[in-house]
Structure formats: C-alpha cells, structure tokens
Amino acid sequence: MRAIVTCECCGYRQAVARPIRRPEQFHVICHGCEGVLLVEVTSADLRQADKPATTRAPHAAGGVGTPV
Ligand SMILES: [Zn+2]
C-alpha cells in the first residue's frame, strides 16, 4: 500500500513512496515545513488497502493471435 501522510504542523499532504507490507513505524520529512513526521501503519490500515476491489485485470476483446 501507499500511505498518505498529513503533516500536523502545516497540513501538507504527501504520499509515502515506499511499499508497506506489514505494520510498522517510520519517519518521513515533511516537504512543507521540513518537520519530522512519525508514520504509523497498523494491520487494519493494511487490510483496508488490500481489498481486491480495484484489482481488475484488463480484458482483451477479440483475443490475440486471431488468424487473418
Ligand atoms: Zn509540515
């Protein structure tokens, strides 16, 4: 999942560009005020981001390799 972090100091929102696969804590530097933000990802966050609703495989219409 990708986490969106909102800075408590200046309200700047930024995406954390690192793959998160398990609950963990880490720090990111706010691009707005350069403060250090503590990001906490819980297992509930991961479960919510892991719903398969958005993973829809593209379906090819007509098929590939049809003889002409
Ligand atoms: Zn900030």
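These are legends for a few views of a predicted protein model.

View 1. Helices here are DSSP runs of H or I with at least four residues, strands are runs of E with at least two, and both are numbered from the N terminus. Residue numbers start from 1 along each chain as its sequence is written. Of the chain's 68 residues, 0% count as buried (20 or more other C-beta atoms within 10 Å of a residue's own; 12 or fewer is exposed, in between is partly exposed, with C-beta atoms placed from the backbone).

**View 2. Confidence along the chain.** The mean pLDDT (the predictor's confidence in each residue, from 0 to 100) is 81, and 75% of the residues reach at least 70. Among the elements, strand β3 (residues 24-29) has the highest mean, 92, while helix α1 (residues 43-49) has the lowest, 86. Because this is a predicted model, local features need pLDDT of at least 70 and side-chain atom pairs count only at 80 or more, whereas totals for chains, interfaces and linings use all residues.

**View 3. Cys9 in its loop.** Look for Cys9 between β1 (4-6) and β2 (13-15). Cys9 counts as exposed because it has 12 C-beta neighbours inside 10 Å.

**View 4. Who Cys9 touches.** Leaving out residues up to four places away in sequence, Cys9 is in contact with Cys30, Cys33 and Gly35; contact means C-beta atoms, placed from the backbone, within 7 Å. Cys30 sits 21 residues from Cys9 along the chain, with 9.2 Å between their C-alpha atoms.

How values were computed. Contact = placed C-beta atoms within 7 Å.
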